[in-house]
Amino acid sequence: MKLGILSTAPRCYSTRRLVAAAKDRGFKVSVVNTLKCSIDLQSGKPDLYYKGKPLADYDAMIPRIGASVTYFGTAVVRQLEQMNVFVANSSGGISNSRDKLRSMQILSRHHIGMPKTTFVRDRADLIPSIERLGGAPVIIKLLEGTQGVGVILADTIKVAEAIIETLQTAKQNVLLQSFVAESKGRDVRAFVVGDRVIGAMRRVAQGDEFRSNVHRGGMVEAVELDEKFNDTAVRAAQIMGLQVAGVDMLEGNDGPQVMEVNSSPGLEGIERATGQDIAGAIIDYCAAHVDFPEMDIRQRLTVSRGYGVCELVIPEGSHFIGKTIADAAFTDLDINILTLYRGKSVIPNPKATRELEPGDRLLCFGKRESMKSLVPAKTRKQREPKIKKLDPSKIEDALTTPNYS
Ligand SMILES: Nc1ncnc2c1ncn2[C@@H]1O[C@H](COP(=O)(O)OP(=O)(O)O)[C@@H](O)[C@H]1O
Ligand SMILES: [Mg+2]
(Lines give C-alpha, C1' and ligand atoms only; values in the text may rest on other atoms or scores of the structure.)
(Ligands and ions follow the chains in the order given, each with its own letter.)
Protein backbone atom coordinates (compact mmCIF):
# COMPACT_ATOMS: atom_id res chain seq x y z
CA MET A 1 0.00 0.00 0.00
CA LYS A 2 1.23 3.48 -0.84
CA LEU A 3 -0.03 5.94 1.70
CA GLY A 4 -0.01 9.72 1.89
CA ILE A 5 -0.44 11.95 4.90
CA LEU A 6 -2.09 15.16 3.72
CA SER A 7 -0.65 17.78 6.03
CA THR A 8 1.12 21.12 6.13
CA ALA A 9 3.00 20.15 9.29
CA PRO A 10 5.49 17.33 8.50
CA ARG A 11 7.35 17.90 11.76
CA CYS A 12 4.41 17.79 14.17
CA TYR A 13 3.97 14.80 16.48
CA SER A 14 0.83 13.43 14.79
CA THR A 15 2.34 13.46 11.29
CA ARG A 16 5.61 11.90 12.45
CA ARG A 17 3.79 9.15 14.31
CA LEU A 18 1.56 8.31 11.33
CA VAL A 19 4.63 8.12 9.07
CA ALA A 20 6.49 5.94 11.58
CA ALA A 21 3.50 3.62 12.12
CA ALA A 22 3.08 3.17 8.34
CA LYS A 23 6.81 2.37 7.93
CA ASP A 24 6.67 -0.09 10.85
CA ARG A 25 4.03 -1.98 8.90
CA GLY A 26 6.10 -2.02 5.73
CA PHE A 27 4.01 0.49 3.76
CA LYS A 28 5.37 3.19 1.45
CA VAL A 29 4.46 6.54 2.95
CA SER A 30 5.03 10.23 2.29
CA VAL A 31 3.75 13.53 3.58
CA VAL A 32 1.87 15.47 0.91
CA ASN A 33 1.75 19.21 1.58
CA THR A 34 -1.91 20.14 1.14
CA LEU A 35 -1.08 23.65 -0.03
CA LYS A 36 1.24 22.45 -2.81
CA CYS A 37 -1.58 20.57 -4.56
CA SER A 38 -3.41 21.99 -7.57
CA ILE A 39 -6.83 20.79 -8.54
CA ASP A 40 -7.38 20.18 -12.27
CA LEU A 41 -10.91 19.79 -13.56
CA GLN A 42 -11.77 18.38 -16.93
CA SER A 43 -14.81 16.44 -18.03
CA GLY A 44 -14.38 12.81 -16.99
CA LYS A 45 -10.87 13.32 -15.70
CA PRO A 46 -10.48 14.84 -12.24
CA ASP A 47 -6.79 15.22 -11.47
CA LEU A 48 -4.37 16.51 -8.86
CA TYR A 49 -0.97 18.06 -9.45
CA TYR A 50 1.68 18.19 -6.78
CA LYS A 51 4.49 20.73 -6.97
CA GLY A 52 3.74 21.13 -10.68
CA LYS A 53 3.75 17.41 -11.58
CA PRO A 54 0.88 14.88 -11.64
CA LEU A 55 0.41 13.50 -8.14
CA ALA A 56 1.85 9.99 -7.81
CA ASP A 57 -0.63 7.10 -7.47
CA TYR A 58 -1.64 6.74 -3.86
CA ASP A 59 -3.84 3.94 -2.54
CA ALA A 60 -4.91 5.88 0.51
CA MET A 61 -4.58 9.35 1.95
CA ILE A 62 -5.00 10.42 5.56
CA PRO A 63 -6.20 14.03 5.64
CA ARG A 64 -4.86 16.16 8.50
CA ILE A 65 -6.50 19.44 7.58
CA GLY A 66 -5.79 22.40 9.87
CA ALA A 67 -8.58 24.86 10.67
CA SER A 68 -6.81 27.67 8.79
CA VAL A 69 -6.85 25.77 5.48
CA THR A 70 -10.30 24.18 5.64
CA TYR A 71 -11.59 25.48 2.32
CA PHE A 72 -8.62 24.47 0.21
CA GLY A 73 -7.91 21.33 2.24
CA THR A 74 -11.43 19.94 1.86
CA ALA A 75 -11.31 20.76 -1.86
CA VAL A 76 -8.17 18.61 -2.20
CA VAL A 77 -9.83 15.76 -0.25
CA ARG A 78 -12.94 16.05 -2.44
CA GLN A 79 -10.74 15.80 -5.50
CA LEU A 80 -9.13 12.61 -4.17
CA GLU A 81 -12.64 11.20 -3.68
CA GLN A 82 -13.48 11.97 -7.33
CA MET A 83 -10.27 10.15 -8.30
CA ASN A 84 -11.36 7.08 -6.27
CA VAL A 85 -8.47 7.36 -3.82
CA PHE A 86 -9.41 6.02 -0.38
CA VAL A 87 -9.48 8.87 2.14
CA ALA A 88 -9.57 8.17 5.88
CA ASN A 89 -12.02 11.05 6.39
CA SER A 90 -14.35 12.36 3.71
CA SER A 91 -14.44 16.00 2.64
CA GLY A 92 -18.09 16.18 3.70
CA GLY A 93 -17.28 14.86 7.15
CA ILE A 94 -14.43 17.32 7.60
CA SER A 95 -16.62 20.26 6.52
CA ASN A 96 -19.45 19.15 8.82
CA SER A 97 -17.17 18.99 11.82
CA ARG A 98 -15.38 22.27 11.19
CA ASP A 99 -18.24 24.57 11.97
CA LYS A 100 -19.68 24.26 15.47
CA LEU A 101 -23.17 25.34 14.38
CA ARG A 102 -23.29 23.00 11.41
CA SER A 103 -22.13 20.02 13.46
CA MET A 104 -24.63 20.69 16.27
CA GLN A 105 -27.44 21.06 13.71
CA ILE A 106 -26.58 17.70 12.17
CA LEU A 107 -26.23 15.90 15.51
CA SER A 108 -29.36 17.39 17.05
CA ARG A 109 -31.86 15.30 15.08
CA HIS A 110 -30.21 12.02 16.05
CA HIS A 111 -30.85 11.93 19.81
CA ILE A 112 -27.20 12.59 20.65
CA GLY A 113 -26.84 14.27 24.05
CA MET A 114 -25.57 17.85 23.72
CA PRO A 115 -25.63 21.11 25.68
CA LYS A 116 -28.61 23.26 24.71
CA THR A 117 -27.35 25.61 22.00
CA THR A 118 -28.70 28.63 20.16
CA PHE A 119 -27.53 30.82 17.32
CA VAL A 120 -28.75 34.41 17.31
CA ARG A 121 -28.25 37.21 14.90
CA ASP A 122 -30.64 39.89 16.03
CA ARG A 123 -29.80 41.78 19.23
CA ALA A 124 -33.47 41.91 20.20
CA ASP A 125 -33.52 38.11 20.47
CA LEU A 126 -30.39 37.89 22.63
CA ILE A 127 -31.92 38.02 26.10
CA PRO A 128 -34.85 35.70 25.24
CA SER A 129 -32.33 33.22 23.80
CA ILE A 130 -30.17 33.25 26.92
CA GLU A 131 -33.32 32.74 28.97
CA ARG A 132 -34.27 29.74 26.83
CA LEU A 133 -30.87 28.26 27.70
CA GLY A 134 -31.66 28.65 31.39
CA GLY A 135 -30.08 32.08 31.96
CA ALA A 136 -26.52 32.99 33.00
CA PRO A 137 -23.86 31.73 33.34
CA VAL A 138 -23.74 31.01 29.63
CA ILE A 139 -21.05 29.86 27.21
CA ILE A 140 -20.26 31.95 24.13
CA LYS A 141 -18.40 30.28 21.26
CA LEU A 142 -16.93 31.44 17.99
CA LEU A 143 -18.11 29.13 15.21
CA GLU A 144 -14.66 28.10 14.10
CA GLY A 145 -12.52 28.39 17.23
CA THR A 146 -10.08 25.65 18.26
CA GLN A 147 -7.90 24.85 21.27
CA GLY A 148 -10.23 26.73 23.58
CA VAL A 149 -9.59 30.11 21.94
CA GLY A 150 -12.97 31.68 21.29
CA VAL A 151 -14.81 29.90 24.11
CA ILE A 152 -15.93 32.35 26.79
CA LEU A 153 -17.92 31.92 30.00
CA ALA A 154 -20.18 34.89 30.75
CA ASP A 155 -21.35 35.04 34.36
CA THR A 156 -24.20 37.46 33.81
CA ILE A 157 -26.56 38.36 31.00
CA LYS A 158 -25.07 41.90 30.94
CA VAL A 159 -21.56 40.54 30.38
CA ALA A 160 -22.86 38.13 27.73
CA GLU A 161 -24.55 41.00 25.89
CA ALA A 162 -21.39 43.10 25.92
CA ILE A 163 -19.22 40.24 24.65
CA ILE A 164 -21.62 39.26 21.89
CA GLU A 165 -22.00 42.85 20.77
CA THR A 166 -18.21 43.23 20.57
CA LEU A 167 -17.84 40.00 18.61
CA GLN A 168 -20.64 40.88 16.22
CA THR A 169 -19.08 44.28 15.59
CA ALA A 170 -15.93 42.40 14.62
CA LYS A 171 -18.11 40.41 12.15
CA GLN A 172 -17.83 37.19 14.15
CA ASN A 173 -20.74 34.77 14.34
CA VAL A 174 -21.28 33.31 17.79
CA LEU A 175 -23.07 30.37 19.36
CA LEU A 176 -24.61 30.51 22.81
CA GLN A 177 -24.59 27.35 24.86
CA SER A 178 -25.82 26.35 28.29
CA PHE A 179 -22.96 25.95 30.75
CA VAL A 180 -22.67 22.33 31.90
CA ALA A 181 -21.45 23.24 35.39
CA GLU A 182 -21.54 19.70 36.77
CA SER A 183 -18.75 18.71 34.38
CA LYS A 184 -16.51 20.97 36.56
CA GLY A 185 -13.83 21.94 34.05
CA ARG A 186 -13.50 18.34 32.89
CA ASP A 187 -14.28 16.72 29.61
CA VAL A 188 -13.70 13.42 27.88
CA ARG A 189 -12.05 12.89 24.50
CA ALA A 190 -12.94 9.60 22.84
CA PHE A 191 -10.76 8.64 19.90
CA VAL A 192 -12.89 6.87 17.32
CA VAL A 193 -11.47 4.81 14.46
CA GLY A 194 -14.02 3.06 12.24
CA ASP A 195 -16.83 1.93 14.47
CA ARG A 196 -15.07 1.75 17.81
CA VAL A 197 -13.42 3.88 20.45
CA ILE A 198 -9.76 2.88 20.48
CA GLY A 199 -8.71 5.09 23.37
CA ALA A 200 -10.11 7.75 25.65
CA MET A 201 -8.80 10.37 28.02
CA ARG A 202 -10.22 12.77 30.52
CA ARG A 203 -8.93 16.34 30.43
CA VAL A 204 -9.08 18.39 33.59
CA ALA A 205 -8.75 22.18 33.58
CA GLN A 206 -6.27 23.71 36.01
CA GLY A 207 -6.96 26.40 38.62
CA ASP A 208 -10.08 28.43 37.97
CA GLU A 209 -10.00 27.80 34.21
CA PHE A 210 -13.19 26.11 32.94
CA ARG A 211 -11.73 25.05 29.61
CA SER A 212 -9.98 21.70 29.75
CA ASN A 213 -8.08 21.99 26.43
CA VAL A 214 -4.48 20.78 26.65
CA HIS A 215 -3.46 24.09 25.04
CA ARG A 216 -5.10 25.86 28.02
CA GLY A 217 -3.06 23.80 30.50
CA GLY A 218 -5.54 20.93 30.87
CA MET A 219 -4.07 17.76 32.41
CA VAL A 220 -4.85 14.44 30.78
CA GLU A 221 -5.40 10.96 32.16
CA ALA A 222 -6.51 7.73 30.50
CA VAL A 223 -10.10 6.78 31.18
CA GLU A 224 -12.19 3.67 30.59
CA LEU A 225 -15.50 4.84 29.14
CA ASP A 226 -18.81 3.16 29.91
CA GLU A 227 -21.03 1.87 27.12
CA LYS A 228 -23.14 5.01 26.94
CA PHE A 229 -20.09 7.24 26.31
CA ASN A 230 -18.58 4.77 23.83
CA ASP A 231 -21.83 4.44 21.95
CA THR A 232 -22.42 8.21 21.82
CA ALA A 233 -18.89 8.83 20.53
CA VAL A 234 -19.12 6.26 17.75
CA ARG A 235 -22.59 7.41 16.69
CA ALA A 236 -21.54 11.08 16.68
CA ALA A 237 -18.53 10.30 14.47
CA GLN A 238 -20.66 8.24 12.08
CA ILE A 239 -23.39 10.87 11.84
CA MET A 240 -20.75 13.48 10.99
CA GLY A 241 -19.38 11.12 8.33
CA LEU A 242 -15.96 10.65 9.96
CA GLN A 243 -13.97 7.41 10.27
CA VAL A 244 -11.21 8.99 12.35
CA ALA A 245 -12.47 11.45 14.95
CA GLY A 246 -11.87 12.90 18.38
CA VAL A 247 -15.24 13.27 20.04
CA ASP A 248 -15.32 15.71 22.96
CA MET A 249 -18.01 15.14 25.55
CA LEU A 250 -18.91 16.79 28.82
CA GLU A 251 -19.96 14.57 31.70
CA GLY A 252 -23.46 15.92 32.25
CA ASN A 253 -25.99 14.83 34.85
CA ASP A 254 -27.96 13.03 32.12
CA GLY A 255 -24.93 11.38 30.53
CA PRO A 256 -22.63 12.37 27.70
CA GLN A 257 -23.05 15.83 26.16
CA VAL A 258 -21.21 16.13 22.85
CA MET A 259 -19.49 19.49 22.35
CA GLU A 260 -17.56 18.85 19.20
CA VAL A 261 -16.27 16.21 16.84
CA ASN A 262 -12.72 16.82 15.59
CA SER A 263 -11.74 15.49 12.19
CA SER A 264 -7.96 15.87 12.68
CA PRO A 265 -7.58 14.99 16.35
CA GLY A 266 -4.06 15.32 17.76
CA LEU A 267 -2.26 12.09 18.63
CA GLU A 268 0.22 13.26 21.24
CA GLY A 269 -2.12 13.69 24.21
CA ILE A 270 -4.05 10.49 23.60
CA GLU A 271 -0.96 8.31 22.96
CA ARG A 272 0.77 9.65 26.06
CA ALA A 273 -2.33 9.25 28.22
CA THR A 274 -3.32 5.78 27.04
CA GLY A 275 0.05 4.31 26.03
CA GLN A 276 -1.77 2.84 22.99
CA ASP A 277 -0.51 2.88 19.40
CA ILE A 278 -3.28 5.15 18.10
CA ALA A 279 -1.33 6.07 14.93
CA GLY A 280 -0.94 2.34 14.20
CA ALA A 281 -4.68 1.79 14.59
CA ILE A 282 -5.39 4.52 12.01
CA ILE A 283 -2.91 2.96 9.54
CA ASP A 284 -4.40 -0.53 10.13
CA TYR A 285 -7.88 0.87 9.49
CA CYS A 286 -6.74 2.35 6.17
CA ALA A 287 -5.06 -0.90 5.15
CA ALA A 288 -8.23 -2.85 5.90
CA HIS A 289 -10.53 -0.48 3.98
CA VAL A 290 -8.36 0.75 1.13
CA ASP A 291 -10.23 -1.30 -1.48
CA PHE A 292 -13.57 -0.13 -0.24
CA PRO A 293 -13.72 3.67 -0.15
CA GLU A 294 -16.66 5.48 1.43
CA MET A 295 -18.74 7.40 -1.04
CA ASP A 296 -21.25 10.16 -1.02
CA ILE A 297 -24.39 8.07 -1.61
CA ARG A 298 -26.57 11.00 -2.47
CA GLN A 299 -24.13 12.17 -5.13
CA ARG A 300 -24.02 8.69 -6.64
CA LEU A 301 -27.61 7.52 -6.21
CA THR A 302 -29.44 10.56 -7.48
CA VAL A 303 -27.78 10.64 -10.87
CA SER A 304 -30.56 8.54 -12.41
CA ARG A 305 -33.39 10.72 -13.60
CA GLY A 306 -36.61 10.18 -11.69
CA TYR A 307 -34.86 8.28 -8.89
CA GLY A 308 -33.76 9.55 -5.53
CA VAL A 309 -33.28 8.95 -1.83
CA CYS A 310 -36.00 9.73 0.67
CA GLU A 311 -37.17 8.91 4.17
CA LEU A 312 -40.66 7.44 4.54
CA VAL A 313 -42.32 7.49 7.93
CA ILE A 314 -44.87 4.83 8.90
CA PRO A 315 -47.51 6.83 10.83
CA GLU A 316 -49.88 5.49 13.51
CA GLY A 317 -52.83 3.83 11.73
CA SER A 318 -50.93 3.19 8.49
CA HIS A 319 -52.01 0.10 6.56
CA PHE A 320 -48.35 -0.95 6.46
CA ILE A 321 -48.30 -1.66 10.21
CA GLY A 322 -47.97 -5.36 10.95
CA LYS A 323 -47.04 -6.13 7.34
CA THR A 324 -43.63 -7.52 6.53
CA ILE A 325 -41.41 -5.59 4.15
CA ALA A 326 -42.04 -8.35 1.57
CA ASP A 327 -45.85 -8.06 1.96
CA ALA A 328 -45.65 -4.28 1.66
CA ALA A 329 -44.27 -4.98 -1.85
CA PHE A 330 -41.89 -2.06 -1.99
CA THR A 331 -39.82 -3.75 -4.69
CA ASP A 332 -42.88 -3.88 -6.99
CA LEU A 333 -43.02 -0.10 -6.64
CA ASP A 334 -39.33 0.09 -7.57
CA ILE A 335 -38.34 1.12 -4.03
CA ASN A 336 -35.43 -0.36 -2.07
CA ILE A 337 -35.20 0.05 1.67
CA LEU A 338 -31.61 0.87 2.60
CA THR A 339 -32.03 1.36 6.33
CA LEU A 340 -34.80 1.18 8.90
CA TYR A 341 -34.70 3.56 11.87
CA ARG A 342 -36.73 2.39 14.84
CA GLY A 343 -36.50 4.70 17.86
CA LYS A 344 -32.77 4.92 18.57
CA SER A 345 -31.86 1.73 16.73
CA VAL A 346 -30.63 1.62 13.19
CA ILE A 347 -31.27 -1.53 11.14
CA PRO A 348 -29.24 -1.53 7.92
CA ASN A 349 -30.55 -3.61 4.98
CA PRO A 350 -33.66 -4.79 6.86
CA LYS A 351 -34.76 -8.32 5.99
CA ALA A 352 -37.92 -8.88 3.91
CA THR A 353 -39.43 -10.81 6.83
CA ARG A 354 -39.26 -7.85 9.23
CA GLU A 355 -42.63 -6.47 10.30
CA LEU A 356 -43.26 -2.73 10.16
CA GLU A 357 -44.21 -0.81 13.29
CA PRO A 358 -45.72 2.65 13.82
CA GLY A 359 -43.04 5.34 13.91
CA ASP A 360 -40.60 3.34 11.75
CA ARG A 361 -38.62 5.52 9.39
CA LEU A 362 -37.43 3.93 6.16
CA LEU A 363 -34.50 5.34 4.25
CA CYS A 364 -35.31 4.40 0.67
CA PHE A 365 -33.81 4.62 -2.77
CA GLY A 366 -36.24 4.34 -5.60
CA LYS A 367 -38.59 5.89 -8.08
CA ARG A 368 -39.52 9.37 -6.86
CA GLU A 369 -43.13 9.15 -8.03
CA SER A 370 -43.71 5.85 -6.20
CA MET A 371 -42.13 7.18 -3.02
CA LYS A 372 -44.26 10.35 -3.22
CA SER A 373 -47.42 8.27 -3.60
CA LEU A 374 -46.66 6.66 -0.21
CA VAL A 375 -46.52 10.00 1.61
CA PRO A 376 -49.93 10.85 3.15
CA ALA A 377 -51.79 13.58 1.21
CA LYS A 378 -51.71 16.05 4.15
CA THR A 379 -47.96 16.36 4.13
CA ARG A 380 -47.50 15.86 0.42
CA LYS A 381 -46.57 18.90 -1.59
CA GLN A 382 -48.13 19.43 -4.98
CA ARG A 383 -46.60 17.19 -7.61
CA GLU A 384 -44.33 18.73 -10.19
CA PRO A 385 -45.94 22.19 -10.14
CA LYS A 386 -46.45 23.76 -13.59
CA ILE A 387 -44.50 26.95 -14.29
CA LYS A 388 -46.97 29.82 -14.64
CA LYS A 389 -46.74 33.17 -16.49
CA LEU A 390 -45.61 36.02 -14.24
CA ASP A 391 -47.80 39.14 -14.05
CA PRO A 392 -45.35 42.11 -14.63
CA SER A 393 -47.02 44.08 -11.80
CA LYS A 394 -45.58 41.47 -9.37
CA ILE A 395 -42.06 42.54 -10.39
CA GLU A 396 -42.99 46.18 -9.64
CA ASP A 397 -44.41 45.11 -6.24
CA ALA A 398 -41.22 43.31 -5.33
CA LEU A 399 -39.14 46.40 -6.12
CA THR A 400 -41.05 48.54 -3.59
CA THR A 401 -40.29 48.52 0.16
CA PRO A 402 -40.25 45.02 1.59
CA ASN A 403 -42.67 44.07 4.38
CA TYR A 404 -41.46 41.93 7.24
CA SER A 405 -44.01 40.08 9.24
N1 LIG B 1 -21.24 24.10 27.32
C2 LIG B 1 -20.14 23.94 28.06
N3 LIG B 1 -20.19 23.76 29.42
C4 LIG B 1 -19.06 23.60 30.15
N5 LIG B 1 -17.81 23.63 29.63
C6 LIG B 1 -17.67 23.81 28.30
C7 LIG B 1 -18.82 23.99 27.45
N8 LIG B 1 -18.39 24.15 26.18
C9 LIG B 1 -17.04 24.09 26.23
N10 LIG B 1 -16.59 23.89 27.50
C11 LIG B 1 -15.17 23.78 27.90
O12 LIG B 1 -14.38 24.54 26.98
C13 LIG B 1 -13.47 23.68 26.25
C14 LIG B 1 -13.38 24.15 24.80
O15 LIG B 1 -14.66 24.05 24.12
P16 LIG B 1 -14.83 23.45 22.67
O17 LIG B 1 -16.24 23.64 22.26
O18 LIG B 1 -14.29 22.07 22.62
O19 LIG B 1 -13.93 24.43 21.79
P20 LIG B 1 -12.52 24.23 21.07
O21 LIG B 1 -12.86 23.85 19.67
O22 LIG B 1 -11.87 25.56 21.12
O23 LIG B 1 -11.79 23.13 21.78
C24 LIG B 1 -14.05 22.29 26.40
O25 LIG B 1 -13.04 21.32 26.29
C26 LIG B 1 -14.69 22.33 27.79
O27 LIG B 1 -13.74 22.07 28.81
MG1 LIG C 1 -12.48 21.12 21.99
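Predicted model: local features only at pLDDT ≥ 70, side-chain atom pairs only at ≥ 80, totals over all residues.

Student: Which residues of α1 and α9 meet, and how do they divide by class?

Tutor: On the α1 side the residues are Arg17, Leu18, Ala21 and Ala22, and they meet Ala279, Gly280, Ile282 and Ile283 of α9. By class, the contact of α1 with α9 comprises 6 nonpolar, 1 polar and 1 charged residues.

Student: How are α4 and α7 oriented to each other, and what is the handedness of their crossing?

Tutor: The axes of helix α4 (residues 100-108) and helix α7 (residues 227-240) come within 10 Å and cross at roughly 110 degrees. Since 65 to 115 degrees counts as roughly perpendicular, α4 and α7 are therefore described as roughly perpendicular to each other. Ser103, Ile106 and Leu107 of α4 make the contact with Ala236, Ile239 and Met240 of α7. The crossing of α4 and α7 is right-handed.

Student: How are α2 and α3 oriented, and how many charged residues does their contact hold?

Tutor: Helix α2 (residues 70-82) packs with helix α3 (residues 91-98) at an angle of about 155 degrees, their axes being 8 Å apart, and α2 and α3 are therefore roughly antiparallel to each other. Thr70, Thr74, Val77, Arg78 and Glu81 of α2 form the contact with Ser91, Ile94, Ser95 and Arg98 of α3. The residues of this contact between α2 and α3 divide into 2 nonpolar, 4 polar and, to end on the class asked for, 3 charged.

Student: Which strands each supply at least two residues of the shell around ligand 1?

Tutor: Ligand 1 is surrounded by 22 residues, of which the closest are Pro115, Gln177, Val180, Arg211 and Ser212. By class, this shell around ligand 1 has 8 nonpolar, 9 polar and 5 charged residues. The strands that each supply at least two residues are β9 (138-142), β15 (244-252) and β16 (255-262).

Student: What distance separates the centres of domain 2 and domain 3?

Tutor: The domain assignment of the chain gives domain 1 (2-94), domain 2 (116-179) and domain 3 (298-373). Taken over C-alpha atoms, the centres of domain 2 and domain 3 are separated by 41 Å.

Methods. Residues numbered from 1 in each chain as written. Chains lettered and ligands numbered in written order. Contact = placed C-beta atoms within 7 Å. Helix = DSSP H or I, 4+ residues; strand = E, 2+ residues; numbered from the N terminus. Nonpolar A, V, L, I, M, F, W, Y, C, P; charged D, E, K, R; others polar. Near = placed C-beta within 6 Å. Domains from an automatic or database assignment. Axes fitted to C-alpha atoms, helices over the stretch in contact; angles between N-to-C directions. Parallel < 35°, antiparallel > 145°, perpendicular 65-115°, else oblique. Left-handed = near helix turned anticlockwise from the far one by under 90°.
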